[in-house]
Each structure stands twice: as C-alpha cells, then as structure tokens.
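Subject: Structure handover

Hello,

Here is the structure I promised to pass on. Please open it alongside this note, and read on for what turned up.

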Amino acid sequence: MLRTIRLTLAIVFFALITLLFLDFSGTLHGYMGWMAKIQFLPALLALNVGVVLLLVVLTLLFGRVYCSVICPLGVFQDVISRFAGKRKKNRFRYSPARKWLRYGMLALFFVTLVAGVRFHAVASLLEPYSSYGRIASNLFAPVYQWGNNLLAYLAERADSYAFYETEVWMKSLSTFIIAAITFIVLFILAWRGGRTYCNTICPVGTVLGFLSKYSLFKPVIDTTKCNGCGLCARNCKASCINSKAHEIDYSRCVACMDCLDKCKQGAITYTRRHKSHTHRTSAGEETASAQPVDDSRRAFLSATAILATTTVLKAQEKKVDGGLAAIEEKKIPERATAITPPGSMSARNFAQHCTACQLCVSVCPNQVLRPSSDLTRLMQPEMSYERGYCRPECTKCAEVCPAGAIRPITKADKSAIQIGHAVWIKENCICITDDVECGNCARHCPVGAIQMVASDPENPESRKIPVVNTERCIGCGACENLCPSRPFSAIYVEGHIMHRTV
C-alpha cells in the first residue's frame with residue numbers, strides 16, 4: 001500500500017514538472033508552477049524559508065521522500081531502472097557507502113556555489129532539479145513540439161484550430177551538449193545501479209541523507225521473521241540493505257518502499273524506530289538492526305495529497321512582424337554587457353541565484369531567452385532579440401523562476417525597468433546605406449524613446465535618422481528585432497549591469 005502511494009505521487013509530480021518544461025503556451029504554470037518552487041536548491045537560493053523548513057521536517061519525519069517523490073531527476077532514474085529491471089530481476093546488491101565521494105562532491109558543490117559567479121556553472125551541473133530541467137527543455141521539448149506541430153498540421157487540414165504551430169530551434173549548442181551528456185551518464189548509472197547518482201554525486205541527496213539518519217519513521221527489519229533470503233537487498237535500488245547483518249543504511253535509503261513489497265515474510269515494516277535498536281556500520285553510517293517492532297503500518301505522507309489536474313493548451317495567436325518574403329537570418333551582435341531579464345535587478349544577483357534550470361527559457365513566448373555559451377555564465381539564460389523582443393505585457397519568466405534569480409514583477413513595473421539601452425549603428429542603417437525612409441525602430445518603440453530627426457540639422461527636408469533617448473529606453477529590443485537591416489541590425493541593445501527604474 002505504501003509503495004503504491006509513493007508511486008502514485010511520484011508519477012504525478014514527475015509528469016507535471018516535466019510538462020512545466022514542455023508547455024510552451026504557459027497555461028500549466030498558473031496551476032502547477034509551485035512544483036518548481038518547492039525544489040530544494042531553488043527554494044534555498046530564493047530564501048524561501050517556509051519551503052526549506054517543510055522539506056527538512058518532511059525528511060526528519062519520513063526519510064528521503066523528497067528524493068523518491070518530489071525530485072524529478074530521482075524519479076527519472078527510477079523510470080530508467082524500472083526498464084532495466086524488466087531484463088534482469090533481483091539485480092541489485094548491498095554496497096558500502098562511498099563517503100569520500102559523497103562528501104567530496106558536496107564540498108565541491110558548496111565551494112563553487114559560494115566562490116563567485118565564475119564557478120556557478122559547476123554547481124548548476126550537480127544540482128538535480130536543474131540537471132533534469134536542461135534534459136527536459138533541450139531533449140524532450142523539441143520532440144514534444146514536433147508532435148504538437150504534426151497535430152496542428154492535421155488539425156488545420158480538418159478546419160480545426162485546437163492546436164497551433166510553434167517554432168522548434170536550438171537555443172544553445174553548448175547547453176544541448178551538456179544536457180545530452182548528463183542524460184547519457186544518468187542513463188548508464190541508473191540502468192546499471194539504480195540510485196547510484198543520488199547516493200554518490202547528488203549534493204542534495206547527501207544533505208537530506210544526513211537528516212534522514214534521524215528520521216522518525218523508517219523501514220525496519222524484524223529478525224524474528226527474516227529468513228535471510230536477501231530478496232530485499234537484491235531489489236534495493238539504493239544498495240543500502242545489508243541482509244546478512246540485517247542492517248539498513250538510512251543515509252542512502254530513499255524511502256521507495258520496494259523492500260516492503262518484496263519481502264515475502266513481512267519482516268520489513270515502515271514504522272517508528274526506537275533508538276535502542278540502532279547500531280553503526282564499519283563505515284560509520286547509522287543503521288537499524290532487527291528487533292521486534294509494531295507490525296501496524298503507520299501513516300505515510302498523510303499531509304501530502306496531490307490532485308491530478310486537467311490542463312488545456314490555450315491557443316494563442318502567433319504574432320509575426322514583417323512581410324511574407326524570405327529574409328536573411330539576423331546575427332547576434334557583440335554586446336559588452338549581457339542583457340538579463342526584468343526582475344533580475346542586476347547581473348550579479350541573477351548569476352548568484354540562477355541554477356540554469358531553463359524553465360524561463362522554456363516558457364518565454366517571445367523567443368528572447370536562450371542559454372548563454374559564455375563560460376562565466378554558462379547555461380544561465382540571457383536575452384537576445386533575433387527572433388523576438390521582450391514585450392512589456394509579458395512577465396512569464398518572473399512568474400516561473402523558482403530560485404529568486406528573477407523576482408516577481410507586475411506589467412506596470414516591467415514597463416519602467418531599464419535593463420539596457422539602444423545603440424544606433426550608422427553604417428548599418430538603410431536610411432544611410434540605401435537612402436530610403438524607414439523609421440521602423442521609432443514606430444515600434446513601446447516607450448517612445450526613439451525619434452526620427454533630420455540627418456542634416458541645416459536642412460529639415462534631409463533624410464531622417466533615428467536618435468535614441470537613453471534615459472527613456474528600457475532595453476526591450478523591439479527596435480533591434482524589427483530593424484530591416486541584415487545580417488546585423490542598425491540598432492541594438494547594450495545591457496546594463498545594474499537595472500534601474502525610469
């Protein structure tokens with residue numbers, strides 16, 4: 001029964017968190033966006049004390065249920081391991097804890113997390129939620145979008161508008177490669193050893209493992225019923241059950257409840273463990289020995305109930321600026337300062353809090369956010385305006401960010417936040433090079449920061465050119481995106497290290 005409850009909750013969490021990265025319409029985030037905000041490291045970086053305390057209390061009560069239910073990377077490993085188990089049953093065995101590796105990776109994680117923004121990418125590589133986010137947004141999302149486009153094609157032929165096409169493109173080659181390598185490593189580890197990653201590399205698993213040693217409810221072996229068959233150890237994906245010594249390493253147990261169902265003698269129960277029944281292994285980890293215990297199963301996750309929700313993709317009008325003629329692709333200009341989203345407050349604040357989970361990239365409806373390839377900001381989102389611009393009425397990224405890298409803002413706030421300023425490049429402007437009237441940048445500027453003035457002050461009838469009011473410009477990129485000059489726009493946005501209100 002407990003295993004069934006755990007599996008049901010894990011499937012619901014895993015499916016809905018995955019859909020957060022796949023749902024390009026943004027519909028699901030209004031209902032299930034909180035699932036991203038209860039992930040351990042994002043909540044910690046966002047200083048969400050309530051969530052952190054909830055996860056700590058949950059672990060102290062029930063063990064590492066976060067790893068087996070809430071963490072998408074943990075459940076993803078279970079999915080892989082389950083397929084591997086179809087080919088070879090009873091394939092696990094007990095192995096001593098590799099403490100030097102676990103605590104070494106934890107030390108590396110914390111050092112890189114606090115050492116500064118230059119090393120923040122290393123911490124992001126180890127963080128489980130962000131690792132899964134990169135896999136989902138870079139590997140799963142394109143397949144999901146191609147499937148959606150196929151349905152949109154078929155629906156259009158049937159005179160239906162239930163689906164609409166979305167553009168599928170690679171936002172960052174470096175982040176795609178990292179996501180692919182992470183996927184391959186996780187696949188191999190989970191296929192061969194179940195939760196090897198969780199109990200040797202994952203820093204969150206190590207921290208929660210330390211707490212779970214003192215959890216109130218745990219699986220306990222009753223030696224009066226155990227016949228020493230070892231079936232529990234051969235089905236323990238965490239490899240933490242020493243059936244010969246009747247011991248369980250609780251720092252590695254992820255509370256999956258598989259051992260309870262596999263034990264034919266009913267010798268393992270999930271119950272309150274008395275302190276007098278504890279021992280220490282040679283590795284120093286706290287374990288429980290076999291003692292008579294109460295056979296009644298205690299309530300498991302009684303305070304946690306998740307309802308499966310039905311979501312309907314909201315059809316949106318696909319906005320395309322410009323004509324129907326095929327035009328040359330724009331190239332990204334070289335910016336002295338990268339542009340960070342409104343609500344991030346500053347480049348430093350953004351770099352310190354961002355875990356590079358790619359959730360904001362996945363939900364951006366304007367194709368403005370994409371992962372950076374710069375080593376100092378590797379995988380962290382930055383803004384660029386080749387495919388769209390940051391529309392003043394959109395606050396999607398601020399709504400979904402779970403780590404506090406992008407603070408919640410209103411639409412009114414966004415229209416007054418200056419994230420950069422436009423710079424005019426005379427040599428690229430078609431008003432000069434082709435001697436034509438344009439004014440596209442001035443017409444589409446949402447804050448009226450660009451004016452067209454006479455190129456010759458002495459001749460009011462001379463060709464008009466754009467002039468930027470940098471005090472009024474908010475850096476939304478409408479001018480850069482809609483400029484007809486190719487391959488580089490005649491006007492581009494330079495980012496600000498510190499944002500300010502205009």
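This is a predicted model: local features need pLDDT of at least 70, side-chain atom pairs count only at pLDDT 80 or more; totals for chains, interfaces and linings use all residues.

Val 79 is found in helix 7. Val 79 is partly exposed, at 33% relative accessible area.

Phe 76 pairs with Phe 183. The ring centres are 5.9 Å apart and the planes meet at 40 degrees, so the pair counts as tilted. Phe 76 has 7% relative accessibility, which is under the 20% cut-off, so Phe 76 counts as buried. Phe 183 has a relative accessible area of 25% and is partly exposed.

Both rings belong to one aromatic cluster. Its members are Phe 14, Phe 76, Tyr 132, Phe 140, Phe 183, Phe 187 and Trp 191.

In total, the structure holds 16 aromatic pairs. Another of them joins Phe 21 and Tyr 129. This pair is tilted too, with 6.0 Å from centre to centre and 50 degrees between the planes. Phe 21 sits in helix 1 and Tyr 129 in helix 10 (residues 128–157), so the pair links parts that are 108 residues apart in sequence. Phe 21 and Tyr 129 are both buried.

Overall make-up

The chain has 502 residues, and 55% of them count as buried. It contains 22 helices and 12 strands. Take the contacts between residues at least 6 apart in sequence: 74% of these join residues at least 24 apart.

Nonpolar cores

The largest nonpolar core has 111 residues. Tyr 66, Ile 241 and Tyr 385 have the most contacts inside it. Helix 1 (residues 2–22) gives the most to this core, with 10 residues. There is also a second, separate core of 8 residues. Phe 109, Leu 113, Leu 126 and Ala 403 are among them.

What does Tyr 385 touch, leaving out residues up to four places away in sequence? The list includes Arg 335, Ile 339, Val 368, Cys 390 and Ile 419. It also includes Gly 475, Cys 476, Gly 477, Glu 480, Asn 481 and Val 493.

Helix 8 against helix 13

Helix 8 (residues 99–115) packs on helix 13 (residues 203–212) at an angle of about 115 degrees. Their axes are 9 Å apart. The crossing is left-handed. From helix 8, the contact uses Arg 102, Tyr 103, Leu 106, Phe 109 and Phe 110. From helix 13, it uses Pro 203, Gly 205, Thr 206, Val 207 and Gly 209. By class, that makes 6 nonpolar, 3 polar and 1 charged residues.

Loops and backbone

Leu 28 lies in the loop between helix 1 and helix 2 (29–32). Is Leu 28 buried or exposed? Its relative accessible area is 2%, so Leu 28 is buried. The C-alpha atoms of Leu 28 and Leu 16 are separated by 8.5 Å, and the two residues are 12 apart along the chain.

Two residues have a positive phi without being glycine.

- Ser 239 has a phi of about 50 degrees. It lies in the loop between helix 14 (231–234) and strand 2 (241–242). At 12% relative accessibility, Ser 239 counts as buried.
- Met 379 has a phi of about 75 degrees. It lies in the loop between strand 7 (369–371) and strand 8 (381–383). With a relative accessible area of 0%, Met 379 is buried.

Where is the cis peptide bond? It joins Arg 486 and Pro 487, with omega at about 0 degrees. Pro 487 is placed in the loop between helix 22 (478–482) and strand 12 (491–501).

Best wishes

Technical notes: Residues are numbered from 1 along each chain as its sequence is written. Side-chain values use heavy atoms; hydrogens and water are left out. Axes are lines fitted to C-alpha atoms, for helices over the stretch in contact, and angles run from 0 to 180 degrees between N-to-C directions. Helices (H or I, at least four residues) and strands (E, at least two) are DSSP runs, numbered from the N terminus. A crossing is left-handed if the near helix is turned anticlockwise from the far one by less than a right angle, and right-handed if clockwise. Contact means heavy atoms within 4.5 Å. Ala, Val, Leu, Ile, Met, Phe, Trp, Tyr, Cys and Pro count as nonpolar, Asp, Glu, Lys and Arg as charged, and the others, Gly among them, as polar. A nonpolar core is a set of buried Ala, Val, Leu, Ile, Met, Phe, Trp, Tyr and Cys residues joined through side-chain atoms within 4.5 Å. Buried means under 20% relative accessible area, exposed over 50%, partly exposed in between (1.4 Å probe, protein chains only). Rings of Phe, Tyr and Trp (its six-membered ring) pair if their centres lie within 6.5 Å; planes under 30 degrees apart count as stacked, over 60 as edge-to-face and the rest as tilted.
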